[in-house]
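Reader: Hey, I've just opened this one and I'm new to it. Can you walk me through some bits of it?

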Amino acid sequence: PDTLTTRGHIASWTGQTGQAREALRLFRELLPDRERVLGSDHPDTLTTRGHIASWTGQTGRASEALRLFRELLPDLQRVLGPDHPDTLTTRNNIASWTGQTGRAREALRLFRELLPDRERVLGSDHPDTLTTRGHIASWTGQTGEARGALRLFRELLPDQERVLGPDHPDTLRTSNNIAAWTGEMGEAREALRLFRKLLPDRERVLGPDHPGTLTTRGHIAHWTGQTGQAREALCLFQELLPDQERVLGPDHPDTLTTRGHIAHWTGQTGLAREALRLFRELLPDRERV
């Protein structure tokens, strides 16, 4: 069991360094060994199934991740109980991937149902409870309430800084979201300033190849364009694309989004025919993925 645990840690930290595909491969290799040695109902086996579901989603397959988490939930409820932290985490993941498959209002409903259970079981200052508050803020914005999202993220940030510290990845993610929703409220220059301030912290804490770092670079490129600097935005997106293809894969939604931005800003710099060509190349990949 200790050997298997170490393999699980290797897989997990491989993913945390930005290598989502490799993490998924390692967890898939681990699962049959855990089932054979520990049994299919052992908590460590169930945890491995959760990791497989999570990294499946991180490699761009949201619908498949949602299916795997939905299959896992009744087993966790049966073995560990409905109030076990792992059961609550899986409910969190089901809500998250529900949103990632395009159902923002349903995701928000699921997160709002989860929050009082996490507060009751874990406490209001538990990192998982804070994470759920972040998801509620995010999906509030995704349902069209940008002002509400910004307010919720601003309320969350000091609690995360107090509990987790200013350099914790979750704290940095909230700073990223505050910058994003600041921009959505029409304050493009302030959003750009906040993202530029955040980037070196994400590079220092997470590493230059972490998906969160790449996301911040994408925001900097986007808001650079929104402040009227079309050529600079195009250059930043063109620099970002090969890093996303290398780290996330060519079919990841973030990679496809960057290709869309490149096509858009190509057009905004006056190259209409080239923009049309790039969008035509992108369309079948988006339809397929």
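Reader: Let's start with Pro211. Leaving aside neighbours within four places in sequence, which residues is Pro211 in contact with?

Author: This is a predicted model, so keep that in mind. Once you set aside the neighbours within four places in sequence, Pro211 is in contact with Gly18 and Leu248.

Reader: And where does Pro211 lie?

Author: Pro211 lies in helix 11. The C-alpha atoms of Pro211 and Gly15 are separated by 10.0 Å, and these two residues are 196 residues apart along the chain.

Reader: Ok, helix 11 then. At what angle do helix 11 and helix 12 pack?

Author: The angle is about 160°, and the axes are 8 Å apart. Helix 11 covers residues 211–226 and helix 12 covers residues 230–247. With angles over 145 degrees counted as roughly antiparallel, helix 11 and helix 12 are therefore roughly antiparallel to each other.

Reader: Is the crossing of helix 11 and helix 12 left-handed or right-handed?

Author: Left-handed.

Reader: Which residues in helix 11 and helix 12 meet?

Author: From helix 11 you have Leu214, Arg217, Gly218, Ile220, Ala221, His222, Thr224 and Gly225. They meet Glu232, Ala233, Leu236, Phe237, Glu239, Leu240, Asp243, Gln244 and Val247 in helix 12. Sorted by class, this contact of helix 11 with helix 12 has eight nonpolar, five polar and four charged residues.

Reader: Switching topic: how much space lies in the second largest pocket?

Author: About 250 Å³.

Reader: Which helices each supply at least two residues of its lining?

Author: Those are helix 8 (146–163), helix 9 (169–184) and helix 10 (188–206). Among the residues that line the second largest pocket are Leu157, Glu161, Pro166, Asp167, Leu172, Ile178, Lys197 and Asp201.

Reader: What's the lining like by class?

Author: The lining of the second largest pocket has six nonpolar, two polar and four charged residues.

Reader: Back to helices. How do helix 6 and helix 7 pack?

Author: Helix 6 (residues 104–122) and helix 7 (residues 127–142) pack at about 160°, and their axes are 9 Å apart. That angle makes helix 6 roughly antiparallel to helix 7. The crossing here is left-handed. Residues making the contact include Phe111, Leu115 and Arg118 of helix 6, along with Arg133, Ile136 and Trp139 of helix 7.

Reader: How do the residues of that contact of helix 6 with helix 7 divide?

Author: Into nine nonpolar, five polar and five charged.

Reader: One more pair: at what angle do the axes of helix 4 and helix 5 cross?

Author: Roughly 155°, and the axes come within 9 Å. Helix 4 is residues 62–79 and helix 5 is residues 85–100. The angle makes helix 4 roughly antiparallel to helix 5, and helix 4 passes helix 5 in a left-handed crossing.

Reader: Which residues meet between helix 4 and helix 5?

Author: Among them are Phe69, Arg70 and Leu73 in helix 4, and Arg91, Ile94 and Trp97 in helix 5. By class, the contact of helix 4 with helix 5 has nine nonpolar, six polar and three charged residues.

Definitions and conventions
Residues numbered from 1 in each chain as written. Predicted model: local features only at pLDDT ≥ 70, side-chain atom pairs only at ≥ 80, totals over all residues. Heavy atoms only, no water. Axes fitted to C-alpha atoms, helices over the stretch in contact; angles between N-to-C directions. Helix = DSSP H or I, 4+ residues; strand = E, 2+ residues; numbered from the N terminus. Parallel < 35°, antiparallel > 145°, perpendicular 65-115°, else oblique. Left-handed = near helix turned anticlockwise from the far one by under 90°. Contact = heavy atoms within 4.5 Å. Nonpolar A, V, L, I, M, F, W, Y, C, P; charged D, E, K, R; others polar. 1 Å grid on protein atoms, 1.4 Å probe; cavity = no way out; pocket = protein on both sides within 12 Å on 5 of 7 lines; lining within 4 Å. Points joined across faces, edges and corners; volume = space filled by probe spheres on them.
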